[in-house]
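Trainee: I have a new model open and would like to learn how to read it. Could you walk me through it?

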Amino acid sequence: MPRPPATLESANYFGRLLTLVWLSLAQLVRAPSHSRRADAARRSARHVLLLVVILGAAIITLMYALDVAEISLMPPRGTPGLWWARILTDFGKDEYVLCALGLLLVAVALAAPALRGVPRATLLGLGTRLQYLFLSVVLSVALGEVIKWIVGRGRPFVGGKANAFNFQHFAGTEAYASFPSGHSITAFALAFAVSAVWPGARVAMLVYALIIAATRLVLLAHHPSDVVAGALVGVIGAMAVRYWFAARRLGFAIHHDGTVVALSGPSEGRLKRVARSAFAP
């Protein structure tokens, strides 16, 4: 982590806050330094290729074999009894997820300059992880928006009938923004990112992502292939950001075989050294 100016500890609160923000941004764009980043890149590329092949085949199969049948079985849009699905689906809305993560980042940035020693180092470590979660969702959602615009797939029953191949490329309208599912992108990007940082939450986050994907089908917002495509985009986006962080030794380590793993919490002695020498998440 970058070493702050020698006058950091004597600076006032706002000076420390500005230093924190500057160093937090600078560390994200600095040149990669991990000696095993090439191994991690090759391993990640193999995993991405495998995901694209497997889920790509599933998407094509669903478009031809299941999409029309599935949406024909769903209740009509606006059915009063689906109030629960409309509530649950908002937990996968990108604006809400990014707002929550952004507020947590702001809270860390505001609190850290007022702390010293172990509490500061612990909070800054959390800040790094929150940065990873936030950027994973941002990149995945941005990529999804570009794909939506290019593909221009009509949402279920747009045009008056069930048609899995209703496309208006580059339409840029909400009615033709079905592929991939934005909620699915957000949910799976967040699920992968949280699981990468805290592996113990893997099952809970997978359940969360699957529930969000299911609500999009029940509410006739998307076809099954749309939510699978969203899952693919979300996971790939979070994987790309994880590699970016690992290559800069931020929150992740790279093993000799190229495996990227989350850094474990440092000991109290290590925390004290970090708190004295670093001032960025």
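**Reading the model together**

Mentor: Let's begin with a helix pair: the axes of helix 5 (residues 94–111) and helix 6 (residues 117–151) come within 9 Å and cross at roughly 155°. Axes are lines fitted to C-alpha atoms, for helices over the stretch in contact, and angles run from 0 to 180 degrees between N-to-C directions. Helices (H or I, at least four residues) and strands (E, at least two) are DSSP runs, numbered from the N terminus. Keep in mind that this is a predicted model, where local features need pLDDT of at least 70, side-chain atom pairs count only at pLDDT 80 or more, and totals for chains, interfaces and linings use all residues. Residues are numbered from 1 along each chain as its sequence is written, and side-chain values use heavy atoms, with hydrogens and water left out.

Trainee: How are helix 5 and helix 6 oriented to each other?

Mentor: Angles under 35 degrees count as roughly parallel, over 145 as roughly antiparallel, 65 to 115 as roughly perpendicular and the rest as oblique. Helix 5 and helix 6 are therefore roughly antiparallel. For handedness, a crossing is left-handed if the near helix is turned anticlockwise from the far one by less than a right angle, and right-handed if clockwise. Helix 5 passes helix 6 in a left-handed crossing.

Trainee: Which residues of helix 5 and helix 6 meet?

Mentor: Contact means heavy atoms within 4.5 Å. On the helix 5 side, the residues include Val-97, Leu-101, Leu-105 and Val-108, and they meet a set in helix 6 that includes Leu-126, Leu-130, Phe-134 and Val-137. By class, this contact of helix 5 with helix 6 has 15 nonpolar, three polar and one charged residues. In this scheme Ala, Val, Leu, Ile, Met, Phe, Trp, Tyr, Cys and Pro count as nonpolar, Asp, Glu, Lys and Arg as charged, and the others, Gly among them, as polar.

Trainee: At what angle do helix 1 and helix 6 cross?

Mentor: The axes of helix 1 (residues 13–29) and helix 6 cross at roughly 45° and come within 12 Å. That makes helix 1 oblique to helix 6. Helix 1 passes helix 6 in a right-handed crossing. Here Arg-16, Leu-20, Ser-24, Gln-27 and Leu-28 in helix 1 meet Arg-120, Leu-124, Thr-128, Gln-131 and Leu-135 in helix 6. The residues of this contact divide into four nonpolar, four polar and two charged.

Trainee: Now for single residues. Is Thr-259 buried or exposed?

Mentor: Buried means under 20% relative accessible area, exposed over 50%, partly exposed in between (1.4 Å probe, protein chains only). Thr-259 is found in the loop between strand 1 (252–254) and strand 2 (260–262), and at 18% relative accessibility Thr-259 counts as buried.

Trainee: What do the polar contacts of the Thr-259 side chain join?

Mentor: A polar contact is a pair of N or O atoms within 3.5 Å; within protein, one must be able to donate a hydrogen and the other to accept it, and residues adjacent in sequence count only if both atoms are side-chain atoms. The side chain of Thr-259 is joined to that of Arg-43 at 3.3 Å and to that of Asp-257 at 2.8 Å. Leaving aside neighbours within four places in sequence, Thr-259 is in contact with Arg-43, Ala-253 and Ile-254.

Trainee: What about Asn-163, and where does it lie?

Mentor: Asn-163 lies in the loop between helix 6 and helix 7, and at 26% relative accessibility Asn-163 counts as partly exposed. The Asn-163 side chain reaches the backbone nitrogen of Phe-165 at 2.9 Å. Beyond neighbours within four places in sequence, Asn-163 is in contact with Val-68 and His-223.
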